[in-house]
Amino acid sequence: MKILKKIFTTILFLGILGFSFFKLNQLFLNKNFYNQGYPTTSCYANFYRMEKNSVDVLFFGTSHSVCSFYPQELYNKYNITSFNLGCEQQSLVISYYWLLEALKYQKPKVVVIEPYLIFRAKSSPLVTGEGLIRKSIDPMKFSKTKFAAVKDICAFDKKQRFVSYLIPSIRFHNRWKYLNEDDFSYTEMIAHEDAMGIRITNATSKKSYNPFNISDSDKTADVNQTQKEYIDKIIDVCKKNGIKILIALAPCFGDVSMYNTLSDYSKERDVHFVDFNEYSIYTSINYNVKLDNYNDGHTNRNGALKITDYIGKILVEDFGLQGHTDEQYELRNAYYKRINENFDLTEITDINTYLEKINRERYSIFISVKDEASKGLSDNVLRKLSALGLRKSLKDRYRSSYCAVINGGKVIEEKLGDKKLSCTGSIRNGKSIYKIESAGYLVGNASQIIIDGKNHSKNRRGLNIVVYDNEQKKVIDSVCFDTCDKKVKAYR
Amino acid sequence: MENILNFISVANEFIFRFFTLNLTSLKFFAILSGILIVYYIFPKKYRWIVIFCANIIFVYTISRKKCLVIMITMLFSIWFSARLFEKFTERQRIKKLILILTLCFNAGLLVFLKDAVFFTNLLRIPVEKTHVSFFQRLAPIGISYWCLSSISYLLDCYWGTITAERNFAKYVTVAGFFPLLVSGPLVRFGDTANQILEGNKFDYDGFCTGIQRIVWGMFKKLVIAERVAIYVNTVYGNFDAYKGLYVWLAFLFFAIQLYSDFSGCIDIVLGAAELFGIKLPENFDLPFSSKSVSEFWRRWHITLGAWLRDYVLYPLFPVCQKRLGKLCKRLFSNRLAKKIPVWCTLFISWFLIGFWHGGYWNFIIGSGLYYWALIVLGELFEPLFKKMISILHINTESFSWRLFQRVRTFIIFMMGTSLFRFREGFLTSLKMYKSAFGVWNPWIFFDGSIFKLGLDAKEFNVLIFALSILLIVSYIKMKTENSIRAEIAKQGVVFRWALWIGLILFIVTFGIYGFGFNPQDFIYGGF
């Protein structure tokens, strides 16, 4: 009996220790949820939640793929169901193993490979460092595929240790210094939908690029042999499973030698190839790097819409893919729309439209006046402010101080007066703390909107507005409308 | 045949890679678990064979073939000589001759393999011409520990305090007990032979306390020692650049590092031995609670001090007294005449303590002659100190006086660590002292400068918290007769489990290990 008790006690103790250790590992794991630039953790978690055999197209590749191929857009326009399994600097070794993993759950008709890394770091087989490799591999479920992937990774990069993929705390325990709210909300964050792996931005690049002509040169580029070996493997697996392949090089300031190499390779392997850096395609989709890229090699939202549309046409016309409705995509469209609305907001310069667009329950809105904000206020603007639920009118309140907070469609603070004003409180059930200060011209001439310790106010004359998205848990826009002037210019 | 050879080669490489480990590595614990399983599967009577095999594989894989041969040769000479003593019980001269020859052979090899550099430096022979590093590579792991243990065995057999072991394999099992090979403690054959050779029944409580001891050792090593090492390495690695309080803090941290590193390692070794049901002697007894340098060395590296006391100091003292006593009586006062032979014997002992740490003057001075000088000066000026205490009406029983003595002893040790650290020479340590005393820069604690040397504010917070835990545990240990583990065992199950699970998770979280981090070898593993 005593022995049984000891065995039971030991098992219980080890069970509790093991569970605590598992939770600790989960806490330390580097996570990239839907509210971050490259939401890899959410992307792969959402992929596993997709209905079996419901995805027709899979995208693999680097950040170029993540920035350029929008699955929801493809569905909205062509009713094609797709998923982007790319990741920043996704090595083709990783693409290969993610393809094997994906095939356990889906039966895609087409696989689109973005092969940029084949031209990078010829001396380094993986091309990518451990940090980025882990973004793709850590969210993969434990299986033979994952073990094989890790084995290969460790064989190519001797610095990496197999055991650290099994026990991530070996690699990540130093993250204790950087743990944040999202790390402690793993279950909730992982359950949240994402935009199927894509990165959306509306920033623009100031650089220019001249697309090449096929006839410019017949030079070819050197390739990374390991990457080539794995693109071969990807094609082999696809062919074995009857999946069509499209190699697509996104706008990345590519040159004719890259085109020649990939074109020759595609012919050799008998697969489709499209290069968005090549003149005829570049011009046919009306691409303009200055407006459609957000930096050297990455497309922004405008660019991605053009690229995705072109890919859609290829899928329909060349691959004969037929669209069909899918409830999952219908539901996800709401989230996709919300993200797009957030980006739209940052482009609005008209105060009336802006006040209309921020009137959403998911936003927390912070308003603070600096200097003077009443002279240029039209009745229309006052009505829009009133529609937000604000009750104190700024009309004829020359150089008055004013601050207000609207959270979830309700005004939670509003102050108007001739002295310096301030309000402090919290949103999201106390998880984010704000402090607002407003001082008219004669009582301090300042505006501050501090959220979680950071001042987001533009601190300019007029209405300083900060919009915080409670779903994304971050400030999505900060603008000042100079309502002292009749023109009511927006400053960002 | 080729397949078999291939298999042996692969197995050999696997074992080598598996054993190339330090005491805090996952590999060490994996292999320890394997040995434990086999150990407890074997019948009690034959369990020593498992340890014997583990010892051989451990030495072979860490130090390779040549070293194993050297180790076996040395151990065999000791074992064989001890057996010969029994044959020549009545013939003292032959016994003495055998003893001297065996001692010379073993001690000579120890010095030759480990400390030859001392003599080449002394004779100013260029290192390239001496192949010193080649011989150093031949030194089997833990030679300083098992060689001294074996010498004590030889002397004990010679004096007849223990009987010689008849079975050589059993002798190797005890003398080369693998957990002891990395950094001791120095054990005596008579104290451990029975525990290791008779085999132990699985004791659940003992097993648990063994694991607890290992966890505590890991805490000291990974959370404290490795953390302060970051700061210490930064300052000592570029000592010309850092002045004033930067250096004082490095002195303090290096003292903490030495203690938490060495005692942490000993905790792991003792805990590992407890898993086999073997109790090894303690090597530390709250050294920083010492009120004098002599007391400090009775509490620090206890087994080395005791070894030198029993096998060097006591046998040597009568000789020194006989040779020097008469001469001193003629030349000095009565008090000094009595003291000088003692000091001479102490000089030899302290020199050997320093020399044991390595054949460099920094070790000989930093962990030997520095303390000898302080002890001698303390005794020399004892009447003066007593007079001062009397004039100043100091209550030597008061808390403040005891605290002063403890702080003074700690500062002496702390200052000594700088002498110990620099192999480049004594002058380098003096430069460090000059840097420490030369500049007064207290603002580094207030303007954030202190956080730019590898340990940021968060790391400092963790360090302070960990040191507080160490201090509390030490205080409880000082106040209670039982071990802290026994005190915890008296508590309720929820508290106990929360405490141990909390400590393990604390180590996992705040330990300095893993990616991009090369663990410091245990400092005393080098000796």
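**Why these labels?**

Visitor: Why is K313(A) called partly exposed?

Guide: K313(A) has a relative accessible area of 38%, so the label follows from the cut-offs: buried is under 20%, exposed is over 50%, and partly exposed lies in between (1.4 Å probe, protein chains only). This is a predicted model, where local features need pLDDT of at least 70 and side-chain atom pairs count only at pLDDT 80 or more, while totals for chains, interfaces and linings use all residues. Residues are numbered from 1 along each chain as its sequence is written, chains are lettered from A and ligands numbered from 1 in the order written, and side-chain values use heavy atoms, leaving out hydrogens and water.

Visitor: Why does D309(A) count as buried?

Guide: Its relative accessibility is 18%, which is under the 20% limit, so D309(A) is buried.

Visitor: What makes K313(A) and D309(A) a salt bridge?

Guide: The closest N and O atoms are 3.9 Å apart. The definition asks for a side-chain nitrogen of Lys or Arg within 4 Å of a carboxyl oxygen of Asp or Glu, so the pair qualifies. Another such pair is K135(A) with E88(A), at 2.4 Å, and both of these residues are buried.
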